[in-house]
Amino acid sequence: MSTKYTKETYLYWYELMQLIRQFELMAEEKYKMEGKIRGFFHAYVGQEAIAAGCMTATRPEDPFITAYRDHGLAIAKGISVNSCMAELYGKATGNAKGKGGSMHFFGKEQAFYGGHGIVGAQIGTGAGLAFAEKYRGTDNVCLAYFGDGAARQGMLHETFNLAMTWKLPVIFICENNNYAMGTSIQRTSNIVDIYKLADAYEMPSDVIDGMSAEAVHEGVSRAVKRAREGDGPTLLEIKTYRYKGHSISDPQKYRTKEEVEEYKSKDPIAMLLSTIKEGNLATDEEIQAINERVDAAVGESVKFAEESPWPDDSEVYKDIYVDQNYPFITD
Ligand SMILES: Cc1ncc(C[n+]2csc(CCOP(=O)(O)OP(=O)(O)O)c2C)c(N)n1
Ligand SMILES: [Mg+2]
């Protein structure tokens, strides 16, 4: 079988997707089994092909912004797994200095603008990032991610309207994983084809198989090209599935085990590996070497997080939008 892309591309996708998955599984273990991580925690397991395909379709300086299910995209953007694990542990070496936690990963240097907990808020902020790029005269394109639940927020409509009016270089990426917490997409609207929401604003749209890094790469590349050329936004509905609960404390009564197993049979990493093998792109030894590299990086991230210091007490009032000398803050 001949493959569409180079060996490097397939192996890059494979390594990145494995890194995201193994990071998530390790962090979950540290949370559930050892109590080393506390607070909110939303895993990206099952959705990794979206992060992988988006990376090869964009440039490092293209800004990304997403919701609280942010670990995978942050790692894809090049924020180190050490600083991601440390952030989950609440340590000073975390990418948000241990003060943001799971939902607020951040890396300005990597053009990763969070990590946001208010459902749908980052859709508007993403258009703002795109506005900034256009204003500065760059041809960078912002990728603004949100879930199927967030697609029901008013913010989406106001943002779509202005983004089309001003032809902003933004790609709205709906990661449609079928559920908003425990509420299925059928229960939140009579419009279950989210891509159709673009029609009201005459915005181009597309539906993409989110279990395939190749399909994501292709769909996002088309939208990026249009945005870079000044033709404005696109809505991409990327169909995916999360294997884990909404958050770490979700008993998952709203779906059957059979449904989850059905999606796992189309696992994005397993399918990518089949493509790699069928195309004779890598030997078993090469794949094993990647897996070992990933395991070593994830293992090292735990060591790094555990050995890192807690934030100093003096950090409490830093990095918030309040003057440190504000009257009600006393020593
Ligand atoms: C404005 C607002 N309303 C409600 C919530 C509570 N809440 C947190 S996550 C969530 C579901 C969002 O689902 P979706 O957008 O599909 O994202 P997914 O978790 O599937 O990635 C809700 C309702 C919130 N954080 N913010
Ligand atoms: Mg969802």
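Student: Let's pick a residue. Is S184 buried or exposed, and why?
Tutor: S184 counts as buried because its relative accessibility is 15%, and the cut-off for buried is under 20%. Keep in mind that this is a predicted model.

Student: Okay, and where does S184 sit?
Tutor: S184 is in strand β5, which covers residues 183-184.

Student: Which residues does S184 touch?
Tutor: Leaving out residues up to four places away in sequence, S184 touches N178 and Y179.

Student: What are the protein donors of the magnesium ion?
Tutor: For the magnesium ion (ligand 2), they are D148 through OD, N177 through OD1 and Y179 through O. These donors lie 2.1 to 2.2 Å from the ion. Y179 is also one of the residues that S184 touches.

Student: How are those donors spaced along the chain?
Tutor: The pattern is D-x28-N-x1-Y. D148 and N177 link distant parts of the chain, 29 residues apart. D148 is in the loop between β2 (142-147) and α6 (154-165), while N177 is in the loop between β3 (170-176) and β4 (179-180).

Student: And are D148 and N177 buried or exposed?
Tutor: D148 and N177 are both buried.

Student: Switching topic: how many residues of helix α4 are buried?
Tutor: Eight of the nine residues in α4 (residues 81-89) are buried, so the helix is largely enclosed by the rest of the structure. Among the buried ones are C84, M85, E87 and L88.

Student: What do the buried residues of α4 pack against?
Tutor: They pack against three helices: α1 (7-32), α3 (71-76) and α10 (284-307). Just after α4 comes G90, with a positive phi of about 75 degrees.

Student: Now zoom out for me. How many helices and strands are there?
Tutor: The protein chain has ten helices and seven strands. Of its 331 residues, 50% count as buried.

Student: What about the radius of gyration?
Tutor: The protein chain has 20 Å, which agrees with the value near 20 Å for a compact globule of 331 residues. Along its principal axes, the C-alpha trace spans about 65 × 50 × 45 Å.

Conventions. Residues are numbered from 1 along each chain as its sequence is written. Chains are lettered from A and ligands numbered from 1 in the order in which they are written. This is a predicted model: local features need pLDDT of at least 70, side-chain atom pairs count only at pLDDT 80 or more; totals for chains, interfaces and linings use all residues. Side-chain values use heavy atoms; hydrogens and water are left out. Helices (H or I, at least four residues) and strands (E, at least two) are DSSP runs, numbered from the N terminus. The radius of gyration is taken over C-alpha atoms; the globule rule is 2.2 Å times the number of residues to the power 0.38. Buried means under 20% relative accessible area, exposed over 50%, partly exposed in between (1.4 Å probe, protein chains only). Donors are N, O and S atoms within 2.8 Å of the metal (3.2 Å for Na, K and Ca); water is not among the atoms, so sites may look incomplete. Contact means heavy atoms within 4.5 Å.
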